[in-house]
Amino acid sequence: MNLKKYLTLTRAGIIESLQFRLSAFIMVIGNMLYLIVVYFLWKAIYASVGNEPINGMSFYDTLIYLVLATALSGFMEMYTVWEMGRNIQSGKIVLDLLRPMEYRKYLFWSYSGSFVTQFFFTFLPTFIVVAVLTHGAIPLGINLLYFVISVVMAVSINYSIDFIVGTICIYTESIWGINIMKQVVVMLLSGATVPLAFFPETLRKVVSCLPFQSIYNAPLTLLLNGDPDPAYVLQTLGIQLLWVVVMLLAGKLFWRVSLRRITVNGG
Amino acid sequence: MHRSIGFYLRIYGKILVQDIKSKMSYRSDFIISTIGMICTNIAGFVSFWILFQNFPSVDGWSYYEMLFLYGFSLVSLTPVQCLFDNNWSLRIYVYSGDFIKYCFRPINLFFYYQSEIFDIKGLGQLAFGIGTIVYAWAKLGLPVTVLMILKMIVFLITASLIMIALQNAAAATCFWIQNSFYVLDLVFRFKDYAKYPITIFSPVFRFIFTFLMPIAFIAYYPSLVILRPDEIPLLSWLSPVIGLVFFFLSYKFWMYGAMKYSGTGS
């Protein structure tokens, strides 16, 4: 069966990521600290305007949005750029290219095991804690289904962007610089650091034409809206689907063109 | 083994020249890394700008005061980036056994180890940080006197010791534990929280961020000396001393670990 070879990679990934329990524990502490800082910062911000909702976002909405954005980013960070950059520099990429599977797919599926562990150990606990702490400010209805569909597409778009940026490493041989630029652009323009609802009008219009907002803003706004307008849902998911296809094709094309230029020193 | 400061400065200059020569053979990497560094700083700036489009102030702190804090934190975080970047490689040297080569030089071990790498891309952050401080300083209409600038320099340098101390201590954990990268990474993330006024936190976290993880001394306490000259708390005046104490403790901890190091036997 075709799917079986992919799921084998997923299983190997799950086993591998369960090995690193200390690192997982420290990462949880790091995220907790971040959430504490975010909580107090936004509490102070909302206190300065008398706890009124701003641009349709109440304090709880903003908090849920930012906390789940962090949980999602832990979920979606696949270190693809590092992996590709290192493999290109060390020459290991030659072995990966020889595999009977497209490199793009191989990289994705060999990481996919971490999705499973991250989902159960980071995202789900965070989601439950937030839902309880905010006294049911997360609406539990059909929006959950939209959220899940949206996240699946977000993962795909995010991976495509990573893969494109990783391909750039063939040309530049600079991993750190390229990766940090990608991270900054994605986190800011996707609304993961400051929700897009706070962006000034013109900037928000520009950002809504870019693929990044489909990664964090789209799923999170769908989640927070308990009684969504079907047209809005269709529009959001439609735009996401469009970006999934566009970025996938762009990534494939760029990779195919770049592969001819690859130079491997030694091996 | 006590040598004069002049001796160490001369050695540092020689090592620095060698390091920069080798870096220059990867020029495109240097340029891209510097741009990347400046991008992160610009993103921080833009986040503040977007926030203050919606809110007049945060906890009594105006836009330009917050920018001043941000600029202060960027500058005081530059030395750890430029001069102590080799801490990131420590666990690799220790693990592979290559660390032993540093133990056989007739100069201070800590000095020799840290001097080996100078991370040039930190200079982009320095320039951006100074620019931000000057901009905020001008917009706030703070007086420009020799005394103010002297104070600023002294407090910036001593504030930079805090993050250096935290990083030294985190890096030195590799002498005892295997997965020390995550400890270092965790501590490195603390620096992102230095740009906020400590007063936004609840008393418990104010205590933690002041005495246990002293990030409040990276920007908040020292910059009060310049920003709010009428109501300077005691901790602000003490911040240079605290910087020195934390640096000294981390140095001792680092050296203690290094002295315990027995190599890998190969």
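## Chain B at a glance

Among contacts in chain B between residues at least 6 apart in sequence, 80% link residues at least 24 apart. Keep in mind that this is a predicted model. Chain B has 12 helices and zero strands, so its pattern along the sequence reads α-α-α-α-α-α-α-α-α-α-α-α.

## Size and burial

How does the radius of gyration of chain B sit with that of a compact globule? For 266 residues, such a globule would come out near 18 Å, and chain B has 20 Å, which agrees. Taken along the principal axes, the C-alpha atoms of chain B fill a box of roughly 60 × 45 × 35 Å. Buried residues account for 36% of the 266 residues in chain B.

## Two helices that cross

Let's look at one helix pair in chain B. The axes of α3(B), residues 63-76, and α11(B), residues 220-227, come within 10 Å and cross at roughly 125 degrees. That angle makes α3(B) oblique to α11(B), and the crossing is right-handed.

From α3(B), the contact uses Glu65(B), Phe68(B), Leu69(B) and Phe72(B), while α11(B) brings Tyr220(B), Ser223(B) and Leu227(B). Sorted by class, these are five nonpolar, one polar and one charged residues.

## Where chain B meets chain A

The contact between the chains takes 31 residues from chain B and 30 residues from chain A. On the chain B side, α2 (27-54) and α9 (180-190) each supply at least two residues. The largest share, 15 residues, comes from α2(B). By class, the side of chain B that touches chain A divides into 18 nonpolar, 10 polar and three charged residues.

Methods. Residues are numbered from 1 along each chain as its sequence is written. Chains are lettered from A and ligands numbered from 1 in the order in which they are written. This is a predicted model: local features need pLDDT of at least 70, side-chain atom pairs count only at pLDDT 80 or more; totals for chains, interfaces and linings use all residues. Two residues are in contact if their C-beta atoms, placed from the backbone, lie within 7 Å. Helices (H or I, at least four residues) and strands (E, at least two) are DSSP runs, numbered from the N terminus. Ala, Val, Leu, Ile, Met, Phe, Trp, Tyr, Cys and Pro count as nonpolar, Asp, Glu, Lys and Arg as charged, and the others, Gly among them, as polar. Axes are lines fitted to C-alpha atoms, for helices over the stretch in contact, and angles run from 0 to 180 degrees between N-to-C directions. Angles under 35 degrees count as roughly parallel, over 145 as roughly antiparallel, 65 to 115 as roughly perpendicular and the rest as oblique. A crossing is left-handed if the near helix is turned anticlockwise from the far one by less than a right angle, and right-handed if clockwise. The radius of gyration is taken over C-alpha atoms; the globule rule is 2.2 Å times the number of residues to the power 0.38. A residue is buried if 20 or more other C-beta atoms lie within 10 Å of its own, exposed if 12 or fewer, and partly exposed in between; C-beta atoms are placed from the backbone.
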